[in-house]
Amino acid sequence: MLEKRIKLIIDSNLEDVQMVSNAINRLCTLGPLTDLEIFHIELAVVESVNNVIEHAYNNERGHEVEIIFTLYANRVTLDVCDMGMTMDDKLKNRIEKSPLEFDPTELNMLPERGLGLAIIHEVMDDVAYSSCHDKNTLTLTKRFIVHDTRR
Amino acid sequence: MDLLVDRLDASIASNFRNKLIEIIKDGNTLIVLNLTNVTFVDSSGLGSIVSCLKTLGAKGDLTLCCIDERIMSMFRLTRMDRVFKIFNTEGEAIKNISHLTRL
């Protein structure tokens, strides 16, 4: 199967994220993914785009957020790209001390923020971040098994 | 309380949280949040519900009901299924929270 690719571009506005969310959900139906897997991919993309808007662009509108969806024979990848501030080590290191490791009985210690990256790592098979020529790219990969139905 | 939006996400999380905290500060400390209409929750939306639970503290309770299986998976992913009391129906949630008024 030849790869299929589409690029989506939205403004750095949280109200526009739903358009990407809905589009990614529909695009994922092109692959052999379950409803739950599709929901998780959609969630990971939303968290990634939210992070770009909130951290790379500091909630400032008027910047482009680019999402490239690519469907391969055995996986789907999503590149979330921005030209804003690079994800700092503080944010990257958050994942080393997972915010998901909390005591559910300690009400005051429950995490209210910072769960996005942890969720992305939980639901995707690979997560990679790179910065090159002022362009930051977070690449999310979900693999799937292809059942050959030909006899 | 029925949530009438279909998405509880970063675009409305802050407003949602502020409204709910206003309701709590008006003296409503036993809250059942019915998520029947909600088809998508992101971490900001979830954070806003957690924030309200923390605002209530020991003075009250916030229970959830009628959660779509995909959204329930989000609660499991974030381990929040261990934090909230979650019921299949609004009736069960109200029955549970009603016990607290008698304590």
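In β5(B), B:Phe87 is the bridge partner of B:Cys65. The model is predicted, so that local features are given at pLDDT of at least 70 and side-chain atom pairs count only at pLDDT 80 or more, while totals for chains, interfaces and linings use all residues. Residues are numbered from 1 along each chain as its sequence is written, and chains are lettered from A and ligands numbered from 1 in the order in which they are written.

The pair B:Cys65 and B:Phe87 belongs to a parallel arrangement in which strand β4 (residues 61-65) of chain B is joined to β5(B) by 3 bridges. Helices (H or I, at least four residues) and strands (E, at least two) are DSSP runs, numbered from the N terminus, and two strands pair if DSSP finds at least two bridges between them. In chain B, 3 strands in the order β2-β4-β5 make an open sheet with parallel pairing. Its edge strands, each of which pairs on one side only, are β2 (30-34) and β5 (85-87) of chain B. From one strand to the next the twist averages 25°. Axes are lines fitted to C-alpha atoms, for helices over the stretch in contact, and angles run from 0 to 180 degrees between N-to-C directions.

B:Cys66 lies in the loop between β4 and α3 of chain B. Most residues other than glycine have a negative phi. With 21 other C-beta atoms within 10 Å, B:Cys66 is buried. A residue is buried if 20 or more other C-beta atoms lie within 10 Å of its own, exposed if 12 or fewer, and partly exposed in between, with C-beta atoms placed from the backbone. A:Asn58 is placed in the loop between α2 and β2 of chain A, and with 11 other C-beta atoms within 10 Å it is exposed.

Strand pairing in chain A may be followed from β3. Strand β2 (residues 64-71) of chain A pairs with β3(A) in the antiparallel sense over 6 bridges, and 3 residues lie between the two strands of this hairpin. Within the pairing, A:Leu71 stands opposite A:Val76 in β3(A). β3(A) is also joined by 8 bridges to strand β5 (residues 135-143) of chain A, and the two run antiparallel. Here A:Val80 stands opposite A:Leu138 in β5(A). In a regular strand the side chains alternate between the two faces of the sheet. Strand β3 (residues 75-82) of chain A has A:Val76, A:Leu78, A:Val80 and A:Asp82 on a covered face, and A:Arg75, A:Thr77, A:Asp79 and A:Cys81 on an uncovered one.

Another strand of chain A, β1 (residues 4-11), contains A:Leu8. A:Leu8 is partly exposed, with 18 other C-beta atoms within 10 Å. Its neighbours within four places in sequence left aside, A:Leu8 is in contact with A:Val20, A:Ala23 and A:Ile67; contact requires that the C-beta atoms of two residues, placed from the backbone, lie within 7 Å. The C-alpha atoms of A:Leu8 and A:Ile24 are separated by 9.4 Å, and these residues are 16 apart along the chain.

Two helices of chain A also meet. The axes of helix α2 (residues 35-56) and helix α4 (residues 116-123) of chain A come within 9 Å and cross at roughly 150°. α2(A) and α4(A) are therefore roughly antiparallel to each other, since angles under 35 degrees count as roughly parallel, over 145 as roughly antiparallel, 65 to 115 as roughly perpendicular and the rest as oblique. From α2(A), A:His40, A:Leu43, A:Ala44, A:Glu47, A:Ser48, A:Asn50 and A:Asn51 meet A:Gly116, A:Ile119, A:Ile120 and A:Val123 of α4(A). By class, this contact of α2(A) with α4(A) has 5 nonpolar, 5 polar and 1 charged residues. Ala, Val, Leu, Ile, Met, Phe, Trp, Tyr, Cys and Pro count as nonpolar, Asp, Glu, Lys and Arg as charged, and the others, Gly among them, as polar. α4(A) is mostly covered, with 6 of its 8 residues buried: A:Gly116, A:Leu117, A:Ala118, A:Ile119, A:Ile120 and A:Val123.

Between the chains, the contact takes 23 residues from chain A and 22 residues from chain B. On the side of chain B that touches chain A, the elements that give two or more residues are α2 (43-56) and α3 (69-77) of chain B. α2(B) provides the largest share of that side, 7 residues.
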